[in-house]
Amino acid sequence: MKTSLRGKWVLVTGASSGFGAAAARAFGAEGAKLLLGARRVDRLEQVAAESKKAGALESQFHELDVAKTRSVERFVGWVREKIGREGLHLLINNAGGAHGVETVAEGKDADWEAMIQSNVLGLLRMTRAALPSMPRDAGAMIINIGSVAGHTAYEGGSVYCAAKAGELQITRALRLELLGTGIRVGTVDPGLAETEFSIVRYKGDAAKAKKVYEGTHPLTAEDIAETLVWVATRPAHVNIDELIIKPVDQAAIGKVFRRT
Ligand SMILES: NC(=O)c1ccc[n+]([C@@H]2O[C@H](COP(=O)([O-])OP(=O)(O)OC[C@H]3O[C@@H](n4cnc5c(N)ncnc54)[C@H](OP(=O)(O)O)[C@@H]3O)[C@@H](O)[C@H]2O)c1
């Protein structure tokens, strides 16, 4: 039997834009109760209103910086207050992204540190803090957002690729560690998707970011959100371990079809 999300608590990190915001709307449409975190609280407020409109039974938000242990602890303390005696059904570790496109020879410490902090350590911190609130044997799930970059290296992507390869291995280790608890663990690994991802990577240079998607038909945030809902609504005994999703126009990283 399909797992219903109606009335269940769903926590989404990085819910202020892109996949996370679309996931909030999509899980809202399933009648879930949402707990949304990110650093831009004004954007979270907007997303919470949209997800409520889509059908969320509740949509609560709180500032969260996954790069800081204290922020994660404060956030999870707030989560515990909100859910009370109810369990946290779904944790979506989505917060993250890439910073810069420099080679290793030209790389900047601040970019390297930001990528490891959010994509790797942030995911670990959130998971450690949220696990005690997750019920056993009730179809609860942790979905981590990886990337095709975690499977294939490319020039200028060394640390982002390392971070997402780290995400993949943490997901695999966690699945082994949680065997017998009934808590499901999976990773959804997208390819080229048009969100604010490239704007962040190019440090606000919208023209450079736009070029990444020029002439091609990338995935949308909604495509990923729909996939996340599908993964989470499989029957409680079914675990989607690893799912790679790419646009048809992307045969591989760096092998993208562009209409001229
Ligand atoms: N778009 C793609 O092509 C693509 C492909 C594969 C994987 N991904 C991955 O998908 C995830 C979502 O990215 P997206 O494409 O939706 O990009 P996005 O639109 O830039 O969204 C990234 C989200 O992560 C949040 N975030 C970043 N650092 C954070 C931190 N330290 N603490 C809390 N929240 C943080 C941002 O919120 P605030 O800035 O408000 O904190 C934002 O909500 C990322 O993990 C990314 O690596 C993206």
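The 34 positive and 30 negative charges of the protein chain have mean positions 3 Å apart. In this count Lys and Arg are positive and Asp and Glu negative, with His and the chain ends not counted, and each charge is placed at NZ of Lys, CZ of Arg, CG of Asp or CD of Glu. The model is a predicted one, in which local features need pLDDT of at least 70 and side-chain atom pairs count only at pLDDT 80 or more, while totals for chains, interfaces and linings use all residues. Residues are numbered from 1 along each chain as its sequence is written, and side-chain values use heavy atoms, with hydrogens and water left out.

Turning to the overall fold, the protein chain contains eight helices and nine strands; these are DSSP runs numbered from the N terminus, with helices (H or I) of at least four residues and strands (E) of at least two. The chain is as compact as a globular protein of 260 residues, because its radius of gyration of 17 Å is close to the 18 Å given by the globule rule. That radius is taken over C-alpha atoms, and the rule is 2.2 Å times the number of residues to the power 0.38. Along the principal axes, the C-alpha atoms fill a box of roughly 50 × 35 × 35 Å.

Of the 260 residues, 52% count as buried, where buried means under 20% relative accessible area, exposed over 50%, and partly exposed in between. Of the contacts (heavy atoms within 4.5 Å) with a separation of 6 or more, 73% are between residues 24 or more positions apart.

The largest nonpolar core has 37 residues, and Phe-27, Leu-36 and Leu-228 have the most contacts inside it. At least two residues of this core come from each of several elements, including strand 1 (9-13), helix 1 (18-29), strand 5 (141-145) and helix 8 (221-232). Another core, of 25 residues, lies apart from it and includes Trp-9, Val-79, Ala-95 and Leu-131. A core here is a set of buried Ala, Val, Leu, Ile, Met, Phe, Trp, Tyr and Cys residues joined through side-chain atoms within 4.5 Å.

Two glycines can be followed in some detail. Gly-14 lies in the loop between strand 1 and helix 1 and is buried, at 18% relative accessible area. Beyond its neighbours within four places in sequence, Gly-14 contacts Gly-20, Ala-21, Gly-37, Ala-38, Asn-94 and Ala-95. Gly-18 belongs to helix 1 and is also buried, with a relative accessible area of 18%. With neighbours within four places again set aside, Gly-18 is in contact with Thr-195 and Ala-221.

Not counting residues up to four places away in sequence, Asp-111 touches His-99, Gly-100, Glu-102 and Lys-203. Lys-203 itself sits in the loop between helix 6 (197-201) and helix 7 (206-212) and counts as exposed, at 51% relative accessibility. Although Lys-203 is not a glycine, its phi is positive, at about 55 degrees. Asp-137, in the loop between helix 4 and strand 5, has a positive phi near 55 degrees and is exposed at 61% relative accessibility.

Terms used
Buried means under 20% relative accessible area, exposed over 50%, partly exposed in between (1.4 Å probe, protein chains only).
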